[in-house]
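Dear colleague,

I am passing on a structure that I have been looking through, and I would be grateful if you could read the notes below beside it.

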Amino acid sequence: MGTVGEAHATDGIRAVVHGIRNISAQGWRTNIGAVNLGRCSATLRVSVFDVDGKTILNKASFPLPPLGHIQSALPVTVDRGSIEFF
């Protein structure tokens, strides 16, 4: 899907990506990832919504080590949904 953008812990910025497909049985896969450029631990929170806007994952947390990164498979199945990062 590409890079969503840059957010800082104090900014209160959220990013949303639409049209996400994560259906392994059909060959669709979506990974999420983040980089922490700070010297303190941070947490990426992720919510996933189906095509009708219904929440199917609410504020799942992904810890980010200082000066580190994560990459993980999206932990839920979704077809043409949206992901919110904060």
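With ring centres required to lie within 6.5 Å of each other, the count of aromatic pairs comes to 0 in this model, which is a predicted one. Aromatic rings do, however, take part in contacts with charged groups: the charged end of R14 sits over the ring of F86, at 4.6 Å from its centre, and R21 lies over the face of W28, 4.8 Å from the centre of that ring.

As to the fold, the protein chain contains 6 strands and 0 helices, so that its pattern along the sequence reads β-β-β-β-β-β. Four of the strands form an open sheet in the order β1-β6-β3-β4, and their pairing is antiparallel. Because β1 (15–22) and β4 (55–64) each have a single partner strand, they stand at the edges, and one side of each is left without a neighbour in the sheet. From one strand to the next, the twist averages 25 degrees. Within this sheet, β3 (residues 42–49) and β6 (residues 78–85) are joined in the antiparallel sense over 4 bridges, and V48 stands opposite I83 in β6.

For the chain as a whole, 33% of the 86 residues count as buried, while the accessible surface comes to about 5,800 Å², with 50% of it belonging to carbon and sulfur atoms. Of the contacts between residues at least 6 apart in sequence, 64% join residues that are at least 24 apart.

With kind regards

Methods
Residues are numbered from 1 along each chain as its sequence is written. This is a predicted model: local features need pLDDT of at least 70, side-chain atom pairs count only at pLDDT 80 or more; totals for chains, interfaces and linings use all residues. Side-chain values use heavy atoms; hydrogens and water are left out. Two strands pair if DSSP finds at least two bridges between them. Helices (H or I, at least four residues) and strands (E, at least two) are DSSP runs, numbered from the N terminus. Axes are lines fitted to C-alpha atoms, for helices over the stretch in contact, and angles run from 0 to 180 degrees between N-to-C directions. Rings of Phe, Tyr and Trp (its six-membered ring) pair if their centres lie within 6.5 Å; planes under 30 degrees apart count as stacked, over 60 as edge-to-face and the rest as tilted. A charge sits over a ring if NZ of Lys or CZ of Arg is within 6 Å of the ring centre and within 35 degrees of the ring normal. Buried means under 20% relative accessible area, exposed over 50%, partly exposed in between (1.4 Å probe, protein chains only). Contact means heavy atoms within 4.5 Å. Accessible areas come from the Shrake-Rupley method with a 1.4 Å probe; for residues, only the protein chains shown count as cover.
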